[in-house]
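Please look over the structure below before reading the briefing. The notes after it are grouped by topic.

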Amino acid sequence: MGRFQIMAMTDAAAGRVLEIVEARDGAKGIRVGVKKGGCAGMEYTIDLVTEPKAGDDHIEHDGAHVWVAPEAALFLLGTEMDFEKTTLRTGFTFHNPNQSSACGCGESVELKPADLKTLAEARASAAAG
């Protein structure tokens, strides 16, 4: 696995992405982004992808495809995406090293962007490899 990936995906997350894709005609995967909002400043967004956008980073795990919006790449660098079912919620979770704090609900987080140089170097070494 010499390819650079912004994020990692667990088997559970990949399985859920595949379920979503199978349930919707024309779906190729999901797109993860971040937006301002919530009590801690940022929220993760998840959208269905029927046509990948140029410039998105692409992650693949066990046949599941996830694209990362360019504006979210700095916030998601090094993150592991998981999927969990608990009595309180069912959904994707993000174990993010850039997260400085989160609100109690876990839906909103405070994120510090990763160093742009680190991201550029990681992408460059992946392209070279």
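In E3, which residue is the bridge partner of Gly33? The bridge partner of Gly33 in E3 is Thr45. This is a predicted model, in which local features need pLDDT of at least 70 and side-chain atom pairs count only at pLDDT 80 or more, while totals for chains, interfaces and linings use all residues. Residues are numbered from 1 along each chain as its sequence is written, and side-chain values use heavy atoms, with hydrogens and water left out.

**Strand pairing**
- Strands (E, at least two residues) and helices (H or I, at least four) are DSSP runs, numbered from the N terminus.
- Two strands pair if DSSP finds at least two bridges between them.
- E2 pairs with E3 in the antiparallel sense, over 8 bridges.
- E2 and E5 run parallel and are joined by 3 bridges; here Val32 has Val68 in E5 as its bridge partner.

**Burial and core**
- Of the 8 residues in E2, 6 are buried (under 20% relative accessible area; exposed is over 50%, partly exposed in between; 1.4 Å probe, protein chains only).
- A nonpolar core is a set of buried Ala, Val, Leu, Ile, Met, Phe, Trp, Tyr and Cys residues joined through side-chain atoms within 4.5 Å.
- The largest nonpolar core has 28 residues, and Met7, Met9, Val66, Met81 and Phe92 touch the most other members.
- Elements that each supply at least two residues of this core include strand E1 (7-9) and helix H1 (11-23).
- Beyond its neighbours within four places in sequence, Met7 is in contact (heavy atoms within 4.5 Å) with residues including Val32, Val68 and Phe94.

**A loop residue**
- Asp62 lies in the loop between strand E4 (57-61) and E5.
- Asp62 is exposed, with a relative accessible area of 54%.
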